[in-house]
Amino acid sequence: MTNRIETDICVIGAGSGGLSVAAGAVQMGAKVVLIEGHLMGGDCLNFGCVPSKALIAAGKQAHLVRKGGFGVAPAEPEIDYAAAKDHVRSVIDTIAPVDSQERFEGLGCTVIRDYAKFISETEVQAGDTVIKARRFVIATGSRPFVPPIPGVEDVPYFTNETIFDLREKPDHLIVIGGGPIGMEMAQAHVRLGCKVTVLEGAKALGKDDPELAAIALERLRGEGIEIIEGAQASKISGSDGAITVETADGQSVTGTHLLMAVGRTPNLDKLNLEAAKIEYDRRGLKVDASLRTTNKRVYGAGDVAGPLQFTHVAGYHAGILIRQIALGLPAKTRDDHVPWATYTDPEIAQVGLTEAQAREKHGDALEVARFEYDENDRAIASGKTTGLIKVMIVKGRPIGASIVGAEAGELIGLWAYAIANKHKMGAVANMIAPYPTLGEINKRAAGAYFSPRLFESDLVKRIVRIVQKF
């Protein structure tokens with residue numbers, strides 16, 4: 001027997017974007033059906049941001065013991081890899097109630113735990129229930145992309161969806177992919193006592209500013225991670241405990257465990273999008289600036305709706321959609337103020353244009369303000385002097401900021417705010433940062449922009465000399 005539901009909004013996918021849309025819309029008075037075929041909370045809670053940062057924290061603790069300093073003698077830490085994974089699970093379990101089915105049913109949503117597929121332009125089916133809605137939001141997220149490397153199907157390997165279930169510490173972890181996921185997991189594991197080799201087909205951390213990436217990679221290599229760039233995996237062989245990866249240029253690496261971290265692919269294959277006349281490609285849904293698909297009733301959010309696959313972008317998309325589908329207000333996305341961070345140590349963070357992108361777009365109109373961590377008193381006091389900030393400025397307005405160093409992910413927020421609100425550099429320079437904090441780095445970068453205008457200006461000096469006569 002088929003059940004039928006009619007609703008205002010049907011949200012497909014209970015990850016960051018879908019949950020935010022559902023919570024916002026139902027609390028504003030809309031009737032909402034929320035469909036999830038896998039785990040509530042999506043990738044971020046169960047396999048991505050949350051568990052990875054928890055494991056990074058465990059690795060950092062081991063690193064601090066091993067490193068010592070500040071009058072504390074270094075010691076080789078006793079590492080219980082399974083207990084570190086227990087910490088990961090505890091963190092997930094602590095956050096999970098916020099994303100739970102019970103919470104959303106308590107808010108007033110109808111929650112259906114099954115996979116959804118479109119059966120017409122206005123209906124989806126999930127299990128034995130057909131849902132007809134005025135508007136749909138597809139927020140099904142993405143999954144790890146595993147490239148068709150010869151032999152990969154014959155060996156055991158991990159992705160970010162399975163690595164957190166591993167409870168026996170790898171002796172030698174091979175990571176294919178030198179992007180953020182690969183490098184974060186590489187550093188966490190080397191700090192937890194594993195040998196780690198990273199194979200990257202192009203440049204490690206290749207999407208970040210090369211100057212900043214080089215600083216981070218030097219630290220990562222210094223901690224013992226073998227990073228081989230320009231090493232395109234061409235063949236994988238072996239068995240559990242002895243896996244060999246061969247590269248196109250003839251290199252060969254053998255380890256005990258393999259982690260695939262080469263990118264992600266959108267979860268669209270179960271949705272039967274053709275039935276709803278929704279166009280898509282391998283990168284995701286075809287959406288306009290309002291996140292509307294080729295079916296005017298259907299919108300996308302999060303990883304399926306754009307190239308910036310971050311949890312905070314999914315949340316941003318949700319806000320854009322709430323304005324439209326709940327409040328009936330126009331809203332369009334922009335991406336110039338979207339920040340991102342890679343949580344290696346040191347961290348790398350970016351918002352807006354990199355220096356290379358800004359030079360290509362603005363040429364000689366570009367100014368770059370810089371400030372080094374080793375000139376910040378808090379960084380000196382805490383031994384975190386590796387790093388720098390670069391701010392890209394055109395006509396007095398920041399159009400991009402790049403940071404490598406301690407707490408870069410925290411510091412980048414100020415520049416995302418400035419760019420989002422089209423503030424000028426004077427707004428940051430006027431800020432009073434508490435002393436001593438790493439936050440002063442942002443203010444000092446703004447000061448570096450104004451210093452030549454104040455201290456190297458003949459006009460300013462003439463004015464000062466005139467003033468001093470009175």
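A word on the source. The model is predicted: local features need pLDDT of at least 70, side-chain atom pairs count only at pLDDT 80 or more, and totals for chains, interfaces and linings use all residues. Residues are numbered from 1 along each chain as its sequence is written, and side-chain values use heavy atoms, with hydrogens and water left out.

Start at Ser402. It lies in strand E23, residues 397–405; strands (E, at least two residues) and helices (H or I, at least four) are DSSP runs, numbered from the N terminus. Ser402 is buried, at 0% relative accessible area. Buried means under 20%, exposed over 50%, partly exposed in between (1.4 Å probe, protein chains only). Ser402 touches residues including Asp209, Leu212 and Met392, where contact means heavy atoms within 4.5 Å.

Next, helix H3. Its buried residues include Val50, Leu55 and His63. The buried residues of H3 pack against helices H2 (42–46), H4 (81–95) and H6 (180–191). Just after H3, Gly68 takes a positive phi of about 65 degrees.

Now the rings. There are 3 aromatic pairs. Rings of Phe, Tyr and Trp (its six-membered ring) pair if their centres lie within 6.5 Å; planes under 30 degrees apart count as stacked, over 60 as edge-to-face, the rest as tilted. Phe118 and Phe136 have centres 5.3 Å apart and planes at 65 degrees, so that pair is edge-to-face. Phe118 sits in strand E4 and Phe136 in strand E6, 18 residues apart. Both Phe118 and Phe136 are buried. Phe310 and Trp340 have planes at 10 degrees, so they are stacked. Phe310 is partly exposed, at 25% relative accessibility.

How values were computed: Lists of a residue's contacts leave out its neighbours within four places in sequence.
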